[in-house]
Amino acid sequence: MNKNDKDFLIQKIRTQYTEKEQTELDELKELDVKVKRPANVFAYVFGSIGAIIMGGGMSLVMTDIAETVGIENPMLYGIIIGIVGMLMAIINYPIYKGIMGKRRKKYADKIIALSDKIMKG
């Protein structure tokens, strides 16, 4: 192992044990995450629930689960449940964009001011 590799490895290990100072760039990253996280969490959860509901409707139509549960007309109920799940999946993206837009407006001034300060100084 040459000297540069040793120095790099030593520095890498050393940084794991030193206190990291909070910089303005770290604050900017945290603000960015603060803007995006609620919209992303909503989209993943709501979209997953919509997909599960749609899959439940498909299962009613395509399997004999309806007989086990005691549903008389599984085709009708399966189609209705599947459409509800599909509508949830369709409206997921517009809701996500709405949440993201509101969050961006809320934090835009802070993010712009902080990024200008970082770029100038």
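At 18% relative accessibility, F46 counts as buried, where buried means under 20% relative accessible area, exposed over 50% and partly exposed in between (1.4 Å probe, protein chains only). The model is predicted: local features need pLDDT of at least 70, side-chain atom pairs count only at pLDDT 80 or more, and totals for chains, interfaces and linings use all residues. Residues are numbered from 1 along each chain as its sequence is written, and side-chain values use heavy atoms, with hydrogens and water left out.

View A. The structure holds 2 aromatic pairs. In the pair shown here, the ring centres of F42 and F46 are 5.1 Å apart and the planes lie at 15 degrees, so the pair is stacked. Rings of Phe, Tyr and Trp (its six-membered ring) pair if their centres lie within 6.5 Å; planes under 30 degrees apart count as stacked, over 60 as edge-to-face and the rest as tilted. F42 is partly exposed, at 27% relative accessibility. Helices are DSSP runs (H or I, at least four residues), numbered from the N terminus.

**View B. The largest nonpolar core.** This core has 9 residues: L28, L31, V35, A39, A43, Y96, M100, Y107 and L114. The elements that give two or more residues to the core are α2 (24–62) and α4, and α2 gives the most, with 5 residues. A nonpolar core is a set of buried Ala, Val, Leu, Ile, Met, Phe, Trp, Tyr and Cys residues joined through side-chain atoms within 4.5 Å. Leaving aside residues up to four places away in sequence, A39 touches Y96, I99 and M100; contact means heavy atoms within 4.5 Å.

View C. I81 is partly exposed, with a relative accessible area of 33%. Not counting residues up to four places away in sequence, I81 touches I53, M54, G56, G57 and L60. I81 and V61 are 20 residues apart in sequence, and their C-alpha atoms are 9.9 Å apart in space.

**View D. M86 in helix α4.** M86 has a relative accessible area of 42% and is therefore partly exposed.
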